[in-house]
Amino acid sequence: MSVRVLVVDDEALIRAGFRVLVDSDPDLAVVGEAADGAQAIRMVHALRPDVVLIDIRMPTMDGLEATRRIAHDDSASTTRVLVVTTFDRDEYVFEALRAGASGFVLKDTPPEHLIEAIKVVAAGEALLTPTLTRRLITEFVRSAVPPRPPAPAALAGLTQREREVLVQVAAGRSNAELAHVLHISRATAKTHVSNLLSKLDARDRVQLVVLAYESGLVNPGAGPVPPPG
């Protein structure tokens, strides 16, 4: 079954280009287009896409607000949002992730990388690249940390190993890197991440990164997270 994609951009030419690109892959299919965030929300309810490919700056309702509403809509719980924009600014990255986006790519991303990003997000393994995650941590979070709410009660229910895994996820490490630094198998690393998603009621790994910082589990000014032990 093809991954169903909704393309959202206020420029018709951009939407047409994305449609051609997405439809060129046999595993993907564009099921609709929207010109602003408000229209996107209506089409998410009507079409139930797997992935929403959305711009940030649009009239009527921007991509960040639309992302926030889609991500917190229980009736759209299976829909993932991939933000695509020309704006390579860290505050946009962080705001998009806090809004509930499952990924963030630039419009000058090579076509094959965008196709792969859609598939990764659709598979529920929503990840920024480790490079972008670490950049977010070191360049933005350190200098502009949002107010931290109290740690969720679920955080207290994590095992010591799960806390170690969450800290490493917050450092932008992949499952393979988790396995290496924690001296466990990739399958075990994946299981720990799945358990974290369930216990913390997080949509994906991106939300785990945000939660780790906002809960205070990881100190933004502490620098790179070293391997444990």
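The legends below accompany close-up views of a predicted model of a protein chain.

**View 1. Overall content of the predicted chain.** The protein chain holds 11 helices and five strands, and buried residues make up 48% of its 229 residues. Among the contacts in the chain with a separation of 6 or more, 69% are accounted for by residues 24 or more positions apart.

**View 2. Helix 5 and the elements that pack against its buried residues.** Helix 5, residues 111-122, has 12 residues and reaches 17 Å from its first C-alpha to its last, close to the 16 Å expected at 1.5 Å a residue. Its buried residues are Leu114, Ile115, Ala117, Ile118 and Val121. Seen down the axis of helix 5, these buried residues fall within an arc of 160°, so they line one face of the helix. Just after helix 5 comes glycine 124, which takes a positive phi of about 85°.

**View 3. The crossing of helix 9 and helix 10.** The axes of helix 9 (residues 175-182) and helix 10 (residues 186-199) come within 8 Å and cross at roughly 110°, which makes helix 9 roughly perpendicular to helix 10. From helix 9 the contact is made by Asn175, Ala176, Leu178 and Ala179, and from helix 10 by Arg186, Ala189, Lys190 and Val193. Sorted by class, the residues of this contact are five nonpolar, one polar and two charged. Within helix 9, the residues Leu178, Ala179, Val181 and Leu182 are buried, and what covers the buried residues of this helix includes helix 8, helix 10 and helix 11. Helix 9 is followed by histidine 183, with a positive phi near 60°.

View 4. Ala189, His192, Val193, Leu196 and Leu197 are buried in helix 10. These residues cover an arc of only 140° around the axis, which puts them on the same side of the helix, whereas Ala187 and Ser198, on the other side of helix 10, are exposed. The buried residues of helix 10 pack against helix 8, helix 9 and helix 11.

View 5. Valine 193 lies in helix 10 and has a relative accessible area of 5%; because buried means under 20%, valine 193 counts as buried. Leaving aside residues up to four places away in sequence, valine 193 touches Val165, Val169, Asn175, Leu178, Arg205 and Leu208. The C-alpha atoms of valine 193 and leucine 166 are separated by 7.7 Å, although the two residues stand 27 residues apart along the chain.

**View 6. The packing of helix 8 against helix 11.** Helix 8 (residues 160-170) and helix 11 (residues 205-214) pack at an angle of about 100°, with their axes 8 Å apart, which makes helix 8 roughly perpendicular to helix 11. On the side of helix 8, Leu166, Val169 and Ala170 take part, and they meet Arg205, Leu208, Val209, Ala212 and Tyr213 in helix 11. The residues of this contact divide into seven nonpolar, no polar and one charged.

View 7. Most residues other than glycine have a negative phi. Arginine 48, a residue other than glycine, has a positive phi near 50° and is placed in the loop between helix 2 (37-47) and strand 3. At 39% relative accessibility, arginine 48 counts as partly exposed.

Notes: Residues are numbered from 1 along each chain as its sequence is written. This is a predicted model: local features need pLDDT of at least 70, side-chain atom pairs count only at pLDDT 80 or more; totals for chains, interfaces and linings use all residues. Side-chain values use heavy atoms; hydrogens and water are left out. Helices (H or I, at least four residues) and strands (E, at least two) are DSSP runs, numbered from the N terminus. The expected span of a helix is 1.5 Å times one less than its number of residues. Buried means under 20% relative accessible area, exposed over 50%, partly exposed in between (1.4 Å probe, protein chains only). The arc is that of the directions from the helix axis to the C-beta atoms. Axes are lines fitted to C-alpha atoms, for helices over the stretch in contact, and angles run from 0 to 180 degrees between N-to-C directions. Angles under 35 degrees count as roughly parallel, over 145 as roughly antiparallel, 65 to 115 as roughly perpendicular and the rest as oblique. Contact means heavy atoms within 4.5 Å. Ala, Val, Leu, Ile, Met, Phe, Trp, Tyr, Cys and Pro count as nonpolar, Asp, Glu, Lys and Arg as charged, and the others, Gly among them, as polar.
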